[in-house]
Structures are given as C-alpha cells and as structure tokens.
Amino acid sequence: MRNIADTLARMARAGAPTPRDIAPSRLTPLIEFGTNPGALLGHSYVPKDLPPGAALVVVLHGCTQTAAGYDHGSGWSKLADRAGFALLFPEQTRANNPNLCFNWFASEDTAQAGGEAESIAQMTETMIARHGLDRSRVYVTGLSAGGAMTVAMLATRPDLFAGGAVIGGLAYGTATGVSQALDRMRGHGDTSDVALADAVRSGSRGHDGRWPTLAIWHGGADATVSVANADTIARQWRGIHGVDATAVRTERVGTAVHRLGAAGPFMLDVGISSTAVIAKSWGLVAAAKAETAAKPAPVERVAKIAIPVSPKPKPKPAPKPRADAPTGIQATIENALRAAGLMR
C-alpha cells in the first residue's frame, strides 16, 4: 500500500488531476467571509427551499482531496437535499500545503485567533448569518488531516459547534511541526490523560460552557494514521466531558442498502455509510432515512471504517478464485483503484 500512497502524493504535488478533481462539483464558492487569515478557500451547498433555522454541517476534506471531490465521495450534499440542512466545505490550497492537507500540526493554524482555524470559524459565522441557520445546530466533521482539524475546531471554538465527528483523525495539541505530526500518525509519542485534556482547555481560552459532543471513527486496517490515535482522542475528550473510562457499551451496526456517495481511492465500499450514521446521530436525518441512506464510508489509502455488522444469511458458494487473484481487503482496494482509473 505504500507504493499506492506515494503515487497519490506525487500526483498531488505535480498538480495532476485525480478522480476527486474530475468529479463535477455541486458546490458554490463562498466569498466575502471575513479577513481569512489562513488563506483558505470556501464552498457551500444550500438545498433549494431550505427551511428557516436549518442546521449547518462543516465538512473538512483529507490530504490530496478537494472540497468537491470529498463531497462526491461522501455524499453529504445529496443527504442535505433529502434532509434539509446546509453545508460548508472549507478547502486547503497548495500554497498553504503542497498535499492539500489542513495544517493541523501548526500551532499558528490551530489557535482561536489567526490561521486556518479562524478562517473556518469566519466561514461558519458567515453561513449562519447569510442563510438564517440555527446557531445551536452547527456541526463539524472531517477525514484524516481534516479529522485532526475537526478536533482543533471543537477545541478552539466549543461555543460555535454542538458536536463533531472525526474520521481517522488525531488529538488536539499533540504535534508542533511535521516531524511530530509523522510520529503521532504512527501512534508514537503518547502523553498523559491530564495533559491531553489541558491542551483542549488551553485552546479554548478558559471556556466554561458546555462542550461539543464527539464521535470517533477509525479502522483497524488504517496504515496511514495508526488506530492508536482514536484511543488518544477518546482519552482527551473523556477528560473534557468527565466520562468514566470503564463506562463502555458495544453495539453491532447493520449495513446500508442504497448508494449515496461514490467509491474511489479514498472512499471504499465497506458496507456502512459514515455520512448517514453521523447525520443521524446529530438528529439531522430521520432513522428511516439513515437506514436506507448509502455507503461507502470515507477512508484514506486503506479501509478506515471497520465496524462489526450483524450476521448475514449464508451466501451461495462463490467460484474459487484463481491462485494469483487478490482477495480480502487487497481485492477491495484494487477494485476501487480500477474504478477510479488508477489501475488496470
């Protein structure tokens, strides 16, 4: 998988088109949203006949991705059409980061004032005011570097967001610089629960109100961001919410039955739609709609979402694969790459 990841990174650095860039955009550029100290781009999606006081979801893409490409793969705008909420898609530029990663590891970009975090907050405030949205129902979600920036937004602006959902992300305030970022991605450099919670409190500058809720998604097959980071995020926010570490409940989640997004190198079909489940948890979509909303779930380089599913009826025996044919996760990845035109 390292060769595939390196190839995608080289494509991004060279500015070569990827499947995410080629997909037609459903988004509208967001202009005049503030001083924009982080020099980010912004895009929005507002369904026709959006009801007054609708909710807002801020969606942060992963490395090498674009806002339109992430929307195409995750299906957020299609779900917004069905359920009636607005969307904001901040977008990184190559001038800020050659691989289009949000700079979650740079302290100047993850503070309340200045940098990318403030630009995202300005875009959010603009969307609320411009479209008469419900300030109490503003949520943020993101993948990988976007997931790490999601945690940064919850830490620095807990007054702005009611909840967040992190997919393959990293804890707030645990890296300063590229070298530390790479160590954290590998799961190295752990710190105490107290220090983790203190980092969030420091980022919010003495916030004394309620804290946003948080959902954490990560897959055991992720070779880019170690699954150990999911536990680190959980430890960080358990301390913030005062949750007992022994209070654990395990549930099994059934598969989705209709397609909402589109498969690709970062969006593999693993039988569950993170978009639908996240939206349902925030009360943005009715249970019936969430159950029939679609897959796939976002992943980066390998399947990130690996959630147990309910037992299925025993299938009919399939033809035995050739001795040289890939199976399991390798076959899933290669099918996605072929669909994206990156592999014959």
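The legends below describe close-up views of a predicted model. Local features need pLDDT of at least 70, side-chain atom pairs count only at pLDDT 80 or more, and totals for chains, interfaces and linings use all residues. Residues are numbered from 1 along each chain as its sequence is written, and side-chain values use heavy atoms, with hydrogens and water left out.

**View 1. An open sheet is formed by seven strands.** Helices (H or I, at least four residues) and strands (E, at least two) are DSSP runs, numbered from the N terminus. The strand order is S1-S2-S4-S3-S5-S6-S7, and the pairing is mixed; two strands pair if DSSP finds at least two bridges between them. Strand S1 (28-29) and strand S7 (213-217) stand at the edges with a single partner strand each, so one side of each has no neighbour in the sheet. Helix H3 (residues 67-74) packs on the sheet and touches S2, strand S3 (56-60), S4, strand S5 (138-143) and strand S6 (163-167). Contact means heavy atoms within 4.5 Å. The direction of H3 makes about 135 degrees with that of S4; axes are lines fitted to C-alpha atoms, for helices over the stretch in contact, and angles run from 0 to 180 degrees between N-to-C directions. Helix H6 (residues 145-156) lies across S3, S5, S6 and S7, at about 150 degrees to S5.

**View 2. Strand S4 pairs with S2 and with S3.** Strand S2 (residues 41-45) and strand S4 (residues 86-91) pair in the antiparallel sense over five bridges. Tyrosine 45 stands opposite leucine 87 in S4, and histidine 43 has phenylalanine 89 as its bridge partner there. S3 pairs with S4 in the parallel sense over three bridges, with valine 58 opposite leucine 88. Six of the six residues of S4 are buried (under 20% relative accessible area; exposed is over 50%, partly exposed in between; 1.4 Å probe, protein chains only). In a regular strand the side chains alternate between the two faces of the sheet. Ala86, Leu88 and Pro90 lie on one side of S4, and Leu87, Phe89 and Glu91 on the other.

**View 3. Helix H4 (residues 76-83) has buried residues.** Trp76, Ser77, Leu79 and Ala80 are buried. They cover an arc of only 160 degrees around the axis, so they lie on the same side of H4; the arc is that of the directions from the helix axis to the C-beta atoms. The buried residues of H4 pack against S2, S3, H3, S4, S5 and helix H10 (274-281). Just after H4, glycine 84 takes a positive phi of about 80 degrees.

**View 4. The largest nonpolar core has 39 residues.** A nonpolar core is a set of buried Ala, Val, Leu, Ile, Met, Phe, Trp, Tyr and Cys residues joined through side-chain atoms within 4.5 Å. Leu56, Val58, Phe161 and Trp237 have the most contacts inside this core. Not counting residues up to four places away in sequence, tryptophan 237 touches Val151, Leu154, Ala155, Val200, Trp211, Pro212 and Leu214. A second, separate core of 26 residues includes Ala55, Tyr70, Ala165 and Val285.
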